[in-house]
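The sequence and structure come first.

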Amino acid sequence: MTGAEVALWLVPLLPAVVGVVLLLGGGGNRAAPVISVATAGLTVLLALTVGLTGPTVAAPFLPGMDFVLRVDPLSAFVVPMVAIVAALVLAFSVADVRHDTRRFHGLMLLFASAALLTAAAGTVPTLLLGWEVMGATSYALIGFGWREERRVSAGLTAFLTTRAADLGLYVAAGAAFAGGAGLDLGGLAEATPGWRDTIAAGIVLAALGKAAQLPFSFWLSGAMQGPSPVSALLHSAAMVALGSYLLLRVSPLLEATGWAGPLVAWVGAVTAVALGIVAIAQRDLKQLLAASTAAQLGFVVLAAGLSAVAAGTAHLVAHAATKAALFLAAGAWLTALGTKRLSALSGVARRWTITGAAFTVAALALAGVPPLSLWATKDAILAAALEESGWLYAVGLLASALSAAYAAKAIWVVWARPPADAEHERHWDEEERGTRAVTSAQYLPVVVLAVAAAVLGILALPPLAPVVAGFLGDATAVPPSLLELLVSAVLAIVVLLSVRRVRLPEPKWAQTWLGMERGVRAAVVRPTLALATTLARFDDRVLDRGVEAAAIGTARAARAMGRVDDAVLDRGVDAAGTGTLLAGVAAARVDDRGVDGAVEVVAAAVRRAGRAARRPQSGLLHQYYLQAVAVLTGVGVVLLLLSIG
């Protein structure tokens, strides 16, 4: 085994092992952050190594199912991205999360390990393992403050929603196994047509659920109940991002079906618009960023449906840095002021200028302002959309304008001049007690990520764009034209400046995430509860009564059998016992009077014969011989007479 292959095994294994050790009590709360950051740093080095060398490793897993890790051109971008963002988020957590740090860092390392495993998975069984652990740890992290019911409830909503969608991945695994294509992710498009459609449908369902695309987007709102570092990692480089990444990975399968590609493209485009409207309506900074995550990943999903793998990958990587920076900055302000309400964050960037500057760079990238990263990556996707459909391009362009609007809303709020009085401070400490400080340990990771958000757009611009497309094997990549880039840039700047003067609408239906959770409760939860209630009543009124009737009948039968036992069986047993006793007494009498008497008679005869036998014994040997001769002579005479007669 080569060094690169060993490194690939260690990429998911190292953080997993250290995470489990921390959860089991190793290291203690003080040492846990240091151990966690050191582990994440070493994982980054390993991830960069495998990203540059591209190894593949395999091990037997189940009969006919191998456990395969593979770093191909696509995962060569994503695996290092996950590792780097996770390390920066964990470094931020050292100063941000101050209680129960051992449990927090243990769960975060497990979460990062599952994300790395998902990114490097080469077969469906490997993907399923990473997918499942990622979902379970997300539930534990969102509900990290388990003493508050709302946090646990939010984690449960996220887990159950994504879990329902995850069933599609199991359907896809069964169809892949039956369809003759095998379980290698790269060969799913080779399945027979019927099975291929089933595989595609299952994967699309699972990926859209994890990526918080319509109609599953609502769970992302509740996920904001978790600590800010959890939100940063979950939204940028793990779970939500990896849902869209899975669609990029199976893009050949989507194209081969003929229907899955267009469906995925339109779901991504519509989600980008709908969740963009939701983001604009939010009054909570983390909720705004959460809705923007679903909207921005809608562009990645759109790219996957168009088979624009290079453009989608560039946008995924650039968005990871951008969104991690925004969430960590929001988390730093939440820790400092104890609130994430936009009305209370007025002027917060003026108070902590380094964090504010980094936040602004990332937000301008989110808005699509040139020359920052998402300006170029979004345009690369829009260029592919224009090649496919003018309507799809128009929807994507509208989503791009909405991106500028919700990013501008956040920017103008954090840089606004705070009121002269202290009225706006009334909302400080309304969620938690603020520290009134942002430390260097908090803003340095934000600065690093903001720099990445500024420069990663080169992945979608000449001269790197053709190189990236060729490396990813995206022969159909369409680079954005200069005119298209100019239109997008002007659109973003105009929207950005307009939001400064025009108050954006905040309709209630958009604030509540289009009422999706309420709709799910009405369409799924309530009917399910009603069905459960009906079944419970049926159980109480029919099944339980049947059981009670059967029990009563059984008891009556038992009592009747008891009476038969007392009246018949017991008497029969008593009679048999009495007869046996009498027979024993009679046998004893026969023994005493008959057998014992006969034995005594025989014994007396034997004694007499013995005495008679002792009489002729004189002690002279010749007399014994004479007696023997006499006896033999007598016997001989008797035999002679018998023969004559």
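A residue counts as buried under 20% relative accessible area, as exposed over 50%, and as partly exposed in between. The model is predicted. Trp9 has a relative accessibility of 22%, so Trp9 counts as partly exposed. Phe67, at 13%, counts as buried.

**Aromatic pairs**

The whole structure holds five aromatic pairs. One of them joins Trp9 and Phe67 and is stacked. Trp9 belongs to helix 1 (residues 3–23) and Phe67 to strand 2 (residues 65–70), 58 residues apart. Phe77 and Phe471 form an edge-to-face pair because their planes stand at 75°, and planes over 60 degrees apart count as edge-to-face. Phe77 lies in helix 3 (residues 73–96) and Phe471 in helix 20 (residues 464–471), 394 residues apart. Phe77 is partly exposed at 22%, and Phe471 is partly exposed at 44%.

| Pair | Centre to centre | Angle of planes |
|---|---|---|
| Trp9 and Phe67 | 6.2 Å | 10° |
| Phe77 and Phe471 | 5.9 Å | 75° |

**Helix packing**

Helix 16 (residues 353–367) packs with helix 17 (residues 373–388) at about 20°, the axes being 6 Å apart. The two helices are therefore roughly parallel, and the crossing is right-handed. Ala365, Leu366 and Ala367 of helix 16 meet Ser373, Leu374, Trp375 and Lys378 of helix 17 in this contact. Five of the contact residues are nonpolar, one is polar and one is charged.

**Ala212**

Ala212 sits in the loop between helix 7 (193–210) and helix 8 (219–222). Its relative accessibility is 0%, so Ala212 counts as buried. Beyond neighbours within four places in sequence, Ala212 contacts Ser217, Trp219, Leu220, Val240, Thr271 and Ala294.

Methods. Residues numbered from 1 in each chain as written. Predicted model: local features only at pLDDT ≥ 70, side-chain atom pairs only at ≥ 80, totals over all residues. Heavy atoms only, no water. Helix = DSSP H or I, 4+ residues; strand = E, 2+ residues; numbered from the N terminus. Buried < 20%, exposed > 50% of the residue type's maximum accessible area, 1.4 Å probe, protein only. Contact = heavy atoms within 4.5 Å. Axes fitted to C-alpha atoms, helices over the stretch in contact; angles between N-to-C directions. Parallel < 35°, antiparallel > 145°, perpendicular 65-115°, else oblique. Left-handed = near helix turned anticlockwise from the far one by under 90°. Nonpolar A, V, L, I, M, F, W, Y, C, P; charged D, E, K, R; others polar. Phe/Tyr/Trp six-rings, centres within 6.5 Å; stacked < 30°, edge-to-face > 60°.
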